[in-house]
Amino acid sequence: MELDQLKEMWGDMAIDKRDSSNEEIQAILRKKSKSPIAKMKRNLFNEMLVVVVLYSASIIYYFLKFEGAILSIAWMMLITGVLYMIYYFRKQKLLHDMECVTGEVKSNLQLQLRTLEKYIWLYLVLGTLLFPVILLIAGALVFLYDPEFQSSQAVIPFWKFFLILFVITTILTIPVYFVNKWYVRKLYGQHADKLKAIVNEMSEEQN
């Protein structure tokens, strides 16, 4: 893709096309509404709000309704939420730094892009693995400790229940992976690719 097409895509045609300079990259990155970094920051913030609302509601529900071992589900969700918030703040800081790069802009941005790609990959992998792990643990806890399921243990032993749960979880994880892959790419991957294309195109024009 031509450099001027990339600039037009982000509404940045006012930048002089004569030189692929550090100032050009900085101007694109600081475009508040249309730059790929700005879009990723908005998506990250919106996602954080959804996670906080849903996780908070679920955790409060379990703390109020259940007791004993079942509360482990609430604690598990709470720990997961805390880990997500750590991920959120680290990724938000990275995106902020990418908007405010100084000095050797291209080299700094290329290094930060590699870090961002690792974050995105990690988010895809852990986000996919989180589904079967939580489902298996929650299912086992409910079967063993929920009073409504106590009588079912006389009909089906735990190992059979867990085996069935494992098979069902494995089957469901396959579509979850592809949905998660589409979701992560839509929110972050496509914008990271566009940003990478800008840097590569500018580097090629300078050579």
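**Close-up views of an all-helix chain**

Within the chain, 68% of the contacts between residues at least 6 apart in sequence join residues at least 24 apart, a contact being heavy atoms within 4.5 Å. This is a predicted model, where local features need pLDDT of at least 70, side-chain atom pairs count only at pLDDT 80 or more, and totals for chains, interfaces and linings use all residues. Residues are numbered from 1 along each chain as its sequence is written, and side-chain values use heavy atoms, with hydrogens and water left out.

**View 1. The chain as a whole.** Helices (H or I, at least four residues) and strands (E, at least two) are DSSP runs, numbered from the N terminus. Of the 207 residues, 37% are buried, that is, under 20% relative accessible area with a 1.4 Å probe, protein chains only. The exposed surface comes to about 12,400 Å² (Shrake-Rupley method, 1.4 Å probe), and carbon and sulfur atoms supply 66% of it.

**View 2. Helix α3.** With 30 residues, α3 reaches 43 Å from its first C-alpha to its last, close to the 44 Å expected; the expected span is 1.5 Å times one less than the number of residues. Look along α3 for its buried residues, among them Pro36, Met40, Leu44, Glu47 and Ile59.

**View 3. The largest pocket.** A pocket is an open set of points on a 1 Å grid over the protein atoms alone, where a 1.4 Å probe fits, with protein on both sides within 12 Å along at least five of seven lines; lining residues have an atom within 4 Å of a point. This one holds about 980 Å³, the volume being the space filled by probe spheres set on the points. Its lining has 26 residues, with Tyr55, Thr80, Tyr123, Gly127 and Leu130 nearest the centre. Helices α3, α4, α5 and α7 each supply at least two lining residues, and α5 has the largest share with 10. By class there are 20 nonpolar, four polar and two charged residues; Ala, Val, Leu, Ile, Met, Phe, Trp, Tyr, Cys and Pro count as nonpolar, Asp, Glu, Lys and Arg as charged, and the others as polar.

**View 4. The second largest pocket.** Its volume is about 200 Å³. Residues lining this pocket include Trp121, Lys181, Arg185 and Asp193. Both α5 and α7 give two or more residues to this lining, and α7 gives the most, with six. The classes here are five nonpolar, one polar and four charged.

Methods. Buried means under 20% relative accessible area, exposed over 50%, partly exposed in between (1.4 Å probe, protein chains only).
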